[in-house]
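These are my notebook entries on a structure that I had not examined before. I set down what I looked up, topic by topic.

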Amino acid sequence: MNNKNFNETTITKAIIDEFFEKLRSSIESDVCIVGAGPSGLVAARYIAERGFSVTLFERKLSIGGGIWGGGMMFNKVVVQKEALEILEDAGVEYKEYNENLFVCDSIELSSALTYRAVKAGVKFFNLVNVEDVIIKQKRVCGLVINWYPVEMCSLSVDPLAISCKAVIDATGHDASVCSIIANKTGKLKIAGEKNMWAEKAEEAVVKYTSEVYPGLFVTGMSVAAVFGLPRMGPIFGGMLLSGRRVADLVCEAIQ
Ligand code: 48F
């Protein structure tokens with residue numbers, strides 16, 4: 001039996017055709033987000049829902065960043081009251097622990113945030129590492145990308161470049177994109193995250209979510225790294241609220 005509509009090479013062509021169409025349509029987008037943790041996923045969804053094209057790069061195989069592991073691999077996620085609206089908007093169920101704190105399942109949260117972002121039209125590229133930015137006229141206007149396994153294996157392979165109107169650093173504790181700019185331009189300072197103080201950190205991470213260099217916005221734990229805020233540990237409301245806030249700021253800036 002030889003069915004040309006259903007054989008190995010046709011399956012291969014289907015993957016290649018569809019992947020390259022997605023890649024080609026992402027060479028120029030409105031917003032690029034680096035990092036698919038809670039803050040990046042929330043930002044991606046809310047920006048895409050407002051009609052902007054959003055491309056998200058995640059260097060790991062899985063999407064979700066630090067959500068999966070909950071706290072110390074106990075896969076439950078704690079969220080404060082202020083962020084419940086975002087859980088509800090994603091269709092995530094939660095349980096009241098006390099009048100301030102609520103608990104949801106980390107697997108459900110990670111999957112739901114990812115699903116909502118996909119359905120909003122966000123284009124995801126996993127296994128892709130952002131290794132540099134493009135700066136023109138003192139403004140970030142694109143990213144330099146390569147396969148993460150290239151970096152893991154220290155291969156000498158040149159990257160590719162893509163352009164956008166705004167970049168969001170949602171890379172968590174690393175603040176990868178901000179660090180690149182700090183190292184190469186000296187125009188941004190990374191203060192470094194401080195010791196744990198959950199309540200203070202949760203408030204501050206939302207307050208300091210902002211544009212830190214023309215064209216570059218920061219959200220989530222990267223905010224704590226850049227501004228020297230305390231870490232908050234395994235509570236995720238601040239990450240969700242920071243993602244929603246950066247979405248507002250970026251949409252306002254590029255409209
Ligand atoms: O760390 P991560 O989940 O970021 P977040 O949104 O959330 C932090 C919480 O998970 C947790 C916490 C809660 O209170 O403190 O830690 O700030 O996700 C960041 C993602 O960015 C990816 C990394 O693999 C992770 O999945 N990432 C980091 N650098 C790069 C990158 C890079 N250069 N290119 C692509 N992806």
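**Ligand.** A polar backbone atom of V130 lies 3.0 Å from a nitrogen atom of the ligand. For S176, I found an N or O atom of the side chain 2.9 Å from a nitrogen atom of the ligand. An oxygen atom of the ligand is 2.8 Å from a polar backbone atom of M221. The ligand exposes 730 Å² when taken alone, and the protein buries 93% of that. These areas come from the Shrake-Rupley method with a 1.4 Å probe; for residues, only the protein chains shown count as cover.

I then looked up the surroundings, where a residue is near a molecule or strand if one of its heavy atoms lies within 4 Å of it. The ligand is surrounded by 27 residues, and the closest are S39, E58, G66, M221 and G233.

**Basis of the entries.** I note that this is a predicted model, in which local features need pLDDT of at least 70 and side-chain atom pairs count only at pLDDT 80 or more, while totals for chains, interfaces and linings use all residues. Residues are numbered from 1 along each chain as its sequence is written, and side-chain values use heavy atoms, with hydrogens and water left out.

**Helix α8 and S222.** Helices (H or I, at least four residues) and strands (E, at least two) are DSSP runs, numbered from the N terminus. I located S222 in helix α8, residues 221-227. Is S222 buried or exposed? S222 is buried, because its relative accessible area is 0%; the cut-offs are under 20% for buried, over 50% for exposed, and partly exposed in between (1.4 Å probe, protein chains only). The side chain of S222 makes a polar contact of 3.2 Å with the side chain of D169.

**Helices α2 and α9.** In helix α2 (residues 38-48), I found 11 of 11 residues buried. Among them are S39, R45 and Y46. Helix α9 (residues 237-254) has 18 residues and reaches 26 Å from its first C-alpha to its last, close to the 26 Å expected at 1.5 Å a residue. That expected span is 1.5 Å times one less than the number of residues. The buried residues of α9 include G237, M239, V246 and I254.

**Salt bridges.** Side chains of opposite charge can pair when their charged atoms come close. I counted a salt bridge where a side-chain nitrogen of Lys or Arg is within 4 Å of a carboxyl oxygen of Asp or Glu. By this rule there are 9 salt bridges.

One of them joins K76 and D105, whose closest N and O atoms are 3.5 Å apart. K76 lies in strand β3 (residues 76-80) and D105 in strand β5 (residues 101-105), so the pair ties together parts that are 29 residues apart in sequence. K76 is partly exposed at 46% relative accessible area, and D105 is partly exposed at 24%.

E85 and R244 meet in another, at 2.6 Å from N to O. This pair links distant parts of the chain, with E85 in helix α3 (residues 84-90) and R244 in helix α9, 159 residues apart.

I also found R231 and E193 in a salt bridge of 3.8 Å, N to O. R231 is in strand β13 (residues 230-231) and E193 in the loop between α6 (176-185) and β10 (194-196), 38 residues apart. Salt bridges that share partners join R45, E49 and D89 into one network.

Which residues form a nonpolar patch on the surface? They are F6, I11, I15, I16 and F20, with about 550 Å² of accessible area together. Patches are made of residues with over 30% relative accessible area and no salt bridge, like charges being joined within 9 Å and nonpolar side chains (Val, Leu, Ile, Met, Phe, Trp, Tyr) within 5 Å. I15 lies in helix α1, residues 8-24, and is exposed at 56%.

M72 has a positive phi of about 50° although it is not a glycine. I placed M72 in the loop between β2 and β3, where M72 counts as exposed at 72% relative accessibility. Q137 has a positive phi of about 45°, and Q137 is not a glycine. Q137 lies in the loop between β7 (128-136) and β8 (139-147).

Conventions:
A polar contact is a pair of N or O atoms within 3.5 Å; within protein, one must be able to donate a hydrogen and the other to accept it, and residues adjacent in sequence count only if both atoms are side-chain atoms.
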